[in-house]
Amino acid sequence: MKSIFCISVFILLIYSKAFPQTGWYEQPLPVTGTISDMQFIDAQTGWITLFNPTNFVKTTDGGNNWIIQQTGSDQFEHFEFINDTLGFATGHIGANGQISKTTNGGINWILTYTGINYYSNLSFINNDTGYFCGTDGNFAGVWRTTNGGASITRIFQTNFYTIEQIFFLKQRYDNEYYGWWLSSGFMSKTTNSGMSWSVPTRTVNGQTGNYTSLFFLNKDTGWVIFDPNLDNTKILKTFNQGIDWKVQYYDTNNNYTPTTIEGVNASDVWAGNGFWNIVHASSNGGNIWGRQSSPIFRPVMIEMADSLNGWVGLNNLSHTTDGGGIITYVGIDPSNTEIPISFQLKQNYPNP
């Protein structure tokens, strides 16, 4: 009887590894707190920073196990790793803003800046060149480093108090880098590596509102989440650098408000959710958006390592290894007013 029991357990373990969980499933963290940033450089290696209390954790096996690298420090509000060893982080130490750098995957950090400037976000394009946004206490600005954080220089100033988000493409176009920033609902763009920026706007197709999140796949194609303050948050897409925007998704009563947005290719795009246990997803570039079930409440932040492996979370963490599984489409496709839709797109596993 004992031999039969051992064999049964062995078969169960093999079966559970051969057939991993589908869809989104909760993944425990070794610490508590609210997720403020997360990044995975591949399906196995990633970092998460949390606040209240502040913790910084790392995984090298897809989130099954976590290492607490920093605790009780405000140095790590936002961060970006260029590879599995080199990374930068922004935050504050007391009343001073700071920039930190690691060259061993987050085990040790050195301060490269501490002072009155507060850097709210960052975006690196290679090992040496990166951009920081934030405030000097009076005016918002964009700062740049070209020597791996050894020195930073302000290259742009605006009358806004601060800039909250910044995003640069890593590829060059005509020897220049394209980037975008968000501040108080306004969005601005650069086409010359941050040396000049477009007039900030908070208007889309003649409607005033707030840009809350953005993701660009290349200089022409990108998505934004836009809230016109009329209880109908929208996901918009552009094919021409933001000259024109097409409404791809809208929520008529804010019950399913999309939050952060991220894509991995021209087809697969996801957005977090601010209120319910769902993740917004599209498998055709956003032409039609649907929902995936999330085991955690308010999966606000989203991070996709590739088209299959991703994480969502805020006060808890959820993980997928199959792109989030089934996408359920309910309602009317805003890009096609001819027919209502209510159907499910089934995953093809295990059959082709």
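**View 1. Salt bridges: the structure holds 3 of them.** A salt bridge here is a side-chain nitrogen of Lys or Arg within 4 Å of a carboxyl oxygen of Asp or Glu. The model is predicted, so local features need pLDDT of at least 70 and side-chain atom pairs count only at pLDDT 80 or more, while totals for chains, interfaces and linings use all residues. Residues are numbered from 1 along each chain as its sequence is written, and side-chain values use heavy atoms, with hydrogens and water left out.

**View 2. Lys170 and Glu80 form a salt bridge.** The closest N and O atoms are 3.0 Å apart. The pair links distant parts of the chain, 90 residues apart. Lys170 sits in the loop between strand 14 (165-168) and strand 15 (179-183), and Glu80 in strand 6 (residues 78-81). Helices (H or I, at least four residues) and strands (E, at least two) are DSSP runs, numbered from the N terminus. Lys170 is partly exposed, at a relative accessible area of 47%. Glu80 is buried, at 12%. Buried means under 20% relative accessible area, exposed over 50%, and partly exposed in between (1.4 Å probe, protein chains only).

**View 3. Arg154 and Asp136 meet in a salt bridge through their side chains.** The N to O distance is 2.7 Å. Arg154 lies in strand 13 (residues 153-158), Asp136 in the loop between strand 11 (130-135) and strand 12 (140-145), so the pair ties together parts that are 18 residues apart in sequence. Arg154 counts as partly exposed, with 26% relative accessibility.

**View 4. Lys219 and Asp220 form a salt bridge.** Their closest N and O atoms are 3.3 Å apart. Asp220 is partly exposed, at 26% relative accessibility.

**View 5. Phe275, Trp276 and Phe297 make a nonpolar surface patch.** The patch covers about 340 Å². Patches are made of residues with over 30% relative accessible area and no salt bridge; like charges are joined within 9 Å, nonpolar side chains (Val, Leu, Ile, Met, Phe, Trp, Tyr) within 5 Å. Accessible areas come from the Shrake-Rupley method with a 1.4 Å probe; for residues, only the protein chains shown count as cover. Phe275 is in the loop between strand 24 (269-273) and strand 25 (278-282). Phe275 is partly exposed, at 43% relative accessibility.

**View 6. Trp24 is buried in a loop.** The loop runs between helix 1 (2-18) and strand 1 (25-26). The relative accessible area of Trp24 is 7%. The side chain of Trp24 makes a polar contact of 2.9 Å with the side chain of Gln292. A polar contact is a pair of N or O atoms within 3.5 Å; within protein, one must be able to donate a hydrogen and the other to accept it, and residues adjacent in sequence count only if both atoms are side-chain atoms. Trp24 and His319 are 295 residues apart along the chain, yet their C-alpha atoms are separated by 5.3 Å.

View 7. Strand 27 pairs with strand 28 (residues 310-313) over 4 bridges, in the antiparallel sense. Two strands pair if DSSP finds at least two bridges between them. Met304 has Gly310 in strand 28 as its bridge partner.

**View 8. Strand 21 (residues 234-238) is largely enclosed by the rest of the structure, because 5 of its 5 residues are buried.** Lys234, Leu236 and Thr238 point one way, Ile235 and Lys237 the other. Strand 20 (residues 222-227) joins strand 21 through 5 bridges and runs antiparallel to it. Val224 has Leu236 as its bridge partner in strand 21. Strand 22 (residues 246-250) pairs with strand 21 over 4 bridges, also antiparallel. Lys237 stands opposite Lys246 in strand 22.

**View 9. A cis peptide bond joins Asn52 and Pro53.** Omega is about 0 degrees. Pro53 lies in the loop between strand 3 (46-51) and strand 4 (55-59). Asn52 is not a glycine, but has a positive phi of about 55 degrees. Asn52 is exposed, at a relative accessible area of 64%.
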